[in-house]
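I opened the model to see how its parts pack. My notes follow.

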Amino acid sequence: MVFTDWKTDTIAHILPEEFYHLIEKNRDHIQKTFPVTLSYCPDLEKTKQFLAFNQDKENHKEGYFFYPRDNKTNALIGYLCIKSIDNRISKCELGYFIDEDYQGKGITSKMVSETLDFCFNTLNMNKVFICTSKINKASQQIALKHHFKQEGILRDEFKNSDGTLEDVVYFGLLKSEYNTHER
């Protein structure tokens, strides 16, 4: 099922209270895949600091942050960030999650499509990559759907919320491959 009654918002329009609510509502859902974000948002005050830090990163073109919002309820329903920007070799990483209640509705896929266009055509990146936990099959499917190639498995690369080191699946998409598939 596709859910179309949503829009993408930018960090400048996000209230700390609503982002904190999104995190709290999905804490169990994202604890194994977004432990760093969770660690920075344990309460409202820290969430304000996290958003201010990210706003500063965006102001300095060191990261970009997008938030899908349900048009009917105005609630935030997910998060997508462009991070690990390396302008020297023109590459960046995508990280994302969707509210558990909105999974499987095509929102993440559409956001990734829009973000790829931004990465390749506005930021002029040559490569976009996604690193996902081996257990996060949904994220791997998003990467494959958008023609990313699995480039490898990084062993003990990611520490989840309980401190366990996990392997990460590394997917990459080159601008030349993106242009081929977008025609």
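This is a predicted model: local features need pLDDT of at least 70, side-chain atom pairs count only at pLDDT 80 or more; totals for chains, interfaces and linings use all residues.

Residues are numbered from 1 along each chain as its sequence is written, and side-chain values use heavy atoms, without hydrogens or water.

I then checked the crossing of helix 1 (residues 16-25) and helix 4: the axes come within 9 Å and cross at roughly 110 degrees. The two helices are therefore roughly perpendicular (65 to 115 degrees). Pro 16, Glu 17, Phe 19 and Tyr 20 of helix 1 make the contact with Leu 44, Thr 47, Lys 48, Phe 50 and Leu 51 of helix 4 (contact is heavy atoms within 4.5 Å).

Next I picked Leu 51, in helix 4 (residues 44-59). Is Leu 51 buried or exposed? Leu 51 counts as buried because its relative accessibility is 6% (buried is under 20%, exposed over 50%, with a 1.4 Å probe, protein chains only). Beyond four places in sequence, Leu 51 contacts Ile 11, Ile 14, Leu 15, Pro 16, Phe 19 and Tyr 67. Phe 19 is 32 residues away along the chain, yet the two C-alpha atoms are separated by 8.6 Å.

Last, I looked up Val 128. Leaving out residues up to four places away, I found that Val 128 touches residues including Cys 92, Leu 94, Leu 116 and Phe 148.

Notes: Helices (H or I, at least four residues) and strands (E, at least two) are DSSP runs, numbered from the N terminus. Axes are lines fitted to C-alpha atoms, for helices over the stretch in contact, and angles run from 0 to 180 degrees between N-to-C directions. Angles under 35 degrees count as roughly parallel, over 145 as roughly antiparallel, 65 to 115 as roughly perpendicular and the rest as oblique.
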